[in-house]
Amino acid sequence: MPKPPFLKTLLIGALLASPMTQAATAYVSNEKDNTLSVIDLETLEVTDTIDVGERPRGIALSKDHSKLFICASDSDTVQVMDLATQRIIANLPSGEDPEQFALHPDNRRLYIANEDDALVTVVDTDTHEVLAQIDVGVEPEGMAVSPDGRWAVNTSETTSMLHWIDTETHELVDNTLVDQRPRHVEFSHDGSVLWASSEIGGTVSIIDVDSRQISQKLSFRIRGIHPDKIQPVGVKLSADGRYAFVALGPANHVAVVDARSHEILDYLLVGRRVWHMEFTPDQKYLLTTNGVSGDVSVIDVDAMKVTKSIKVGRYPWGIVTLD
Amino acid sequence: MHLAACMIALKGILKREFLRFIHQRTRFLSALVRPLLWLLVFATGFRAALGVSIIPPYQTYITYETYILPGLCCMILLFNGMQSSLSMVYDREMGSMKVLLLSPLPRSWLLFCKLIAIALLSLAQVYAFIGLGFLVDVTPPIMGLLTVLPALVLTALMLGSIGLFLSSRIRQLENFAGVMNFVIFPMFFMSSALYPLWKMRESSEWLYWICNVNPFTHAVELVRFALYTELNLSALLITTGTTAVFMVLALWGFRSEQVARRH
């Protein structure tokens, strides 16, 4: 992959700073295999498979990229993996059935959605203590922390609400009603806008963070695919602010949205039940996890084309990438 | 030997086929309309149904339109190959074939020229069709447009030599309808042009076996791989072998005594 010079400098810097000297890598959680697949992002091939806890779903990197947090839903814990040795070094007290989580910019507080308990658990990743448990709606799922660290937003699937949690007081401050079954929330890089997908509603709500009101709602339509199958889940925004990508679940397509005009530009065919997505560190490619077909599709962002699909484990769910 | 004479013959035959082509302008359109109907109407219905399988040379999931394009390119070559065999039967009945074959040049060369002429005209139609494919978002890599050229030429020669062989066997114009029913349709439908072979195997092992021995399948796969800048060696060998066999059979069919006896 050719990289622009400034990215290359950054990359070399990062490599020198990090204890590892390996190429860019993606980690994918395989929900039904209890494993992580490791993908070499140069060759786009799976190089390793690592055993982890039961039913791994959401995964996230520590800000310094030295640790990987893994929601092992059926083990009722969040596992911490040391990326240098690829060993689990700790199990965090996450509360029951953790599904998704988000790390605060302070690199310590982890906000975890406990699907079965209608709770958000806040855990200190250094001391492994539970800092707070906040009551939210039924079946909490999506989790995001604003870039400035002020807000933690949780989605509750059954209540169809976004819950705004003040990270200073750990209190639920406000709720935003969205369409049925909100699955995922994603802040824009400047933190002014929040994108929330509604799986059953088939929409993505774009929310103004200051007013916490919906400013626009996007719906999707793909030729030849029944509207019921169009179920938005994962949302990813490109760092340059140009594009938003929305994974449309069993519609097997990713919608490409102009992040400024909110116009839907294209639909890209990927594997079956596309769930979550992540950019490669250089932002050239977007990787999607396709649960039912058990693979990861690679989207070339410049060409806006799906170039390859890589076989991973059964029911790939979450994905992270690092240099 | 008579290189200059050979070239004159090639030029003459090319010109004649070209003129015939120009005079039948509807032929160019109809050659495009047929695969376009398949692409725009038939494939649309299967868009979602078949869009989920990864088979080489594809690296990811493709729409049915993308899958069917190489098969439709070969369909153009197939119809042209057979249509030219029709024209040869016609030529024979009208006596112009006799004039051609009475030339002192080697008969094999003359017939080869005829094949080349047909192949070249078909290529123009295939590229026009691939160009139209871009309009409906079937976009093979640009390099593929170059690498597919030899595969298309070989396929055109194979189908042309099959057509030539058939025309050496068919005595009357009326029998051409039989060619449609017994050659073109089975060849096209019982191949990997419309469905991948694993899909055929799901329905019946017999059908899979027939598709597998159908040389048209291998021609389609050769074109499919070449369009994505890859070489399918077994397809290349089978297509080349089939071309050689039918070329020999066709030449044998056009031996002078046979022609003399028939006219």
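Visitor: Start with helix 1 of chain B and helix 5 of chain B. What is the handedness of their crossing?
Guide: Right-handed. Bear in mind that this is a predicted model.

Visitor: At what angle do those two cross, and how many Å apart are the axes?
Guide: Roughly 40°, and the axes come within 9 Å. Helix 1 covers residues 3-23 of chain B.

Visitor: And what does that make them, parallel or oblique?
Guide: Helix 1 of chain B and helix 5 of chain B are therefore oblique to each other.

Visitor: Which residues make the contact?
Guide: Helix 1 of chain B brings B:C6, B:A9, B:L10, B:I13, B:L14, B:E17, B:F18 and B:F21. From helix 5 of chain B come B:W109, B:L110, B:C113, B:K114, B:A117, B:I118 and B:L121. By class, that contact has 13 nonpolar residues, no polar ones and 2 charged.

Visitor: Helix 5 of chain B also packs on helix 6 of chain B. What's the geometry there?
Guide: The angle is about 130°, with the axes 8 Å apart. Helix 5 spans residues 107-135 and helix 6 spans residues 142-169, both in chain B. That angle makes helix 5 of chain B oblique to helix 6 of chain B. Their crossing is right-handed.

Visitor: Who touches whom in that pair?
Guide: On helix 5 of chain B, the contact residues include B:L111, B:L115, B:I118 and B:A119. On helix 6 of chain B, they include B:L145, B:L152, B:G160 and B:L164. The contact divides into 13 nonpolar, 3 polar and no charged residues. Note B:I118: it is in this contact, and it is also in the one with helix 1 of chain B.

Visitor: How many bridges join strand 2 to strand 3 of chain A?
Guide: 6 bridges. Among the pairs, A:D40 has A:E45 in strand 3 of chain A as its bridge partner.

Visitor: And the sheet with strand 24 of chain A, which strands are at its edges?
Guide: This open sheet runs 24-25-26-27 in chain A, with antiparallel pairing. Strand 24 (274-279) and strand 27 (305-311) of chain A have a single partner strand each, so one side of each lacks a neighbour in the sheet. The twist averages 25° from one strand to the next. Strand 24 of chain A is joined to strand 25 of chain A by 4 bridges.

Visitor: How many residues of chain A are in contact with chain B?
Guide: 13 residues of chain A, against 10 residues of chain B. Strand 27 of chain A gives the most on the chain A side, with 4 residues. That side divides into 4 nonpolar, 7 polar and 2 charged.

Visitor: What's in the turn between strand 18 and strand 19 of chain A?
Guide: The two strands form a hairpin with 4 residues between them. A:R212 in the turn has a positive phi of about 55°. The strands pair antiparallel over 6 bridges, and A:I206 stands opposite A:Q216.

Visitor: Last one. Where in chain A does pLDDT stay under 50?
Guide: Over residues 13-21, for which the model has 6 contacts beyond four places in sequence. The mean pLDDT of chain A is 91, with 93% of its residues at 70 or more.

Note on methods
Residues are numbered from 1 along each chain as its sequence is written. Chains are lettered from A and ligands numbered from 1 in the order in which they are written. This is a predicted model: local features need pLDDT of at least 70, side-chain atom pairs count only at pLDDT 80 or more; totals for chains, interfaces and linings use all residues. pLDDT is the predictor's confidence in each residue, from 0 to 100. Two residues are in contact if their C-beta atoms, placed from the backbone, lie within 7 Å. Axes are lines fitted to C-alpha atoms, for helices over the stretch in contact, and angles run from 0 to 180 degrees between N-to-C directions. Angles under 35 degrees count as roughly parallel, over 145 as roughly antiparallel, 65 to 115 as roughly perpendicular and the rest as oblique. A crossing is left-handed if the near helix is turned anticlockwise from the far one by less than a right angle, and right-handed if clockwise. Ala, Val, Leu, Ile, Met, Phe, Trp, Tyr, Cys and Pro count as nonpolar, Asp, Glu, Lys and Arg as charged, and the others, Gly among them, as polar. Two strands pair if DSSP finds at least two bridges between them.
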